Amino acid sequence: MTFRILYRGSLSSCNYGCEYCPFAKHTETAAEHQADGVALNRFVDWVATKPIAQQLGILFTPWGEALFHKRYQDAFIRLSNFAHVDKVAIQTNLATRFEWLNECDVSKVAFWATYHPTEVTQERFLAQVAQARSYGAAVSVGVVGLKEHQTEITQLRQALPDDVYMWINAYKRVENYYSPALFDRFKQIDPLFPYNTMRHPSLGQWCQAGETVVSIDGNGDMRRCHFIREPLANIYADDWQSALQPRRCTNATCGCHIGYVHMPQLQQAKIYGDQILERIPVLSKSDLPQDIPVVSQYVAND
Ligand code: SF4
Ligand code: SF4
């Protein structure tokens, strides 16, 4: 069993300016960048000590874009070369150079790459995907399922190689946002889109968050997940592992992929296996669940 960590430091800036995003074009001071780097290095140093008996998988889930910063590329190089680390992945817009991958154990590197149609041409984004793959990195590609981008979304699926999984994140800010026709169109592209259109009832349900997967911030504070603020422990304290145990969720619902995939009742482990951090199903498209029951305020009835 791999122990999984979702790391989110203090970085909160991005080179892109997506309209719906709070980090769009936000810049940080040199001191803020330095503080994020110090915290990141401390985390990587902690991983280097092999702090837990299990193998480790790490997903960076930054507020904003981290991959074009050298400190995150260096973290990938170090982490991927540790024998006790199986996976290093990141949510990214892929606007980076990739030469640094030559110094990684690229068999462990994966990118959860999001296409932003207002920020980059499809041609440029596809070239970045192809380049990352040419180095040997695993890549999943996805988009936010905005109505106004449905043409670009369909074109992207057609242009991507068949063996690149394309996911669609549901836009969950407006009720009845998806007509049945658009919902079906996106489901044709991403058979798992129905899961993402729902806020899954989670209160009182068992969740692996806090037991086999945790969220860690730049201070080393460990939480179950990004959605429950109460810290469980601090990883820089000797007894941090004593906080790991099975727990039931204390939130009413869980609506984000990086959370609900850890609810056993949704059986996402069967779908993603050891590629859960990078959101790449291990099942072929034809073997994915076909009849996912949808109860969602974001899909109109008619
Ligand atoms: S690329 Fe991501 S982090 Fe950057 S502005 Fe767009 S949504 Fe926000
Ligand atoms: S169900 Fe979601 S919110 Fe609840 S503990 Fe798991 S990941 Fe966190």
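Visitor: What am I looking at, and how are things numbered?

Guide: This is a predicted model, in which local features need pLDDT of at least 70 and side-chain atom pairs count only at pLDDT 80 or more, while totals for chains, interfaces and linings use all residues. Residues are numbered from 1 along each chain as its sequence is written, chains are lettered from A and ligands numbered from 1 in the order in which they are written, and side-chain values use heavy atoms, with hydrogens and water left out.

Visitor: How many helices and strands are in the protein chain?

Guide: Eight helices and 15 strands. Helices (H or I, at least four residues) and strands (E, at least two) are DSSP runs, numbered from the N terminus.

Visitor: Why call the chain as compact as a globular protein of that length?

Guide: Its radius of gyration is 19 Å, close to the 19 Å that the globule rule gives for 302 residues, so the chain is as compact as a globular protein of that length. The radius is taken over C-alpha atoms, and the rule is 2.2 Å times the number of residues to the power 0.38. The C-alpha atoms fill a box of roughly 55 × 45 × 35 Å along the principal axes.

Visitor: What share of the residues is buried?

Guide: Buried residues are 55% of the 302. Buried means under 20% relative accessible area, exposed means over 50%, and partly exposed is in between (1.4 Å probe, protein chains only).

Visitor: Next, helices. Which residues of H5 are buried?

Guide: H5 spans residues 180–189, and Leu 182, Phe 183, Phe 186 and Ile 189 are buried there. They cover an arc of only 120 degrees around the axis, so they sit on the same side of H5. The arc is that of the directions from the helix axis to the C-beta atoms.

Visitor: What is on the face turned away from that buried side?

Guide: The exposed residues Ala 181 and Gln 188 are on that face of H5.

Visitor: What covers the buried residues of H5?

Guide: The cover includes helix H4 (150–159), strand E8 (166–169) and helix H6 (193–196).

Visitor: Stay with H4. Which of its residues are buried?

Guide: Ile 153, Thr 154, Leu 156 and Arg 157 are buried in H4. Their arc around the axis is only 160 degrees, which puts them on the same side of H4. They pack against helix H3 (122–134), strand E7 (138–144), E8 and H5.

Visitor: Single residues now. Where is Ile 90 found?

Guide: Ile 90 is in strand E5, residues 85–92. Ile 90 is buried, at a relative accessible area of 0%. Leaving aside neighbours within four places in sequence, Ile 90 is in contact with residues including Leu 59, Pro 62, Phe 76 and Trp 112.

Visitor: Phe 76 is in that list. Where does Phe 76 lie?

Guide: Phe 76 lies in helix H2, residues 70–80, and is buried with a relative accessible area of 0%. Not counting residues up to four places away in sequence, Phe 76 touches Ile 90, Trp 100 and Cys 104, among others. Phe 76 and Glu 103 are 27 residues apart in sequence and 9.0 Å apart in space, C-alpha to C-alpha.

Visitor: Backbone check: what is phi of Leu 94?

Guide: Near 70 degrees, a positive value in a residue other than glycine. Most residues other than glycine have a negative phi. Leu 94 is in the loop between E5 and strand E6 (109–114) and counts as buried at 0% relative accessibility.

Visitor: And Gln 267, what is its phi?

Guide: Positive, about 55 degrees, although Gln 267 is not a glycine. Gln 267 is in the loop between helix H7 (257–260) and helix H8 (268–272). At 44% relative accessibility, Gln 267 counts as partly exposed.

Definitions and conventions. Contact means heavy atoms within 4.5 Å.
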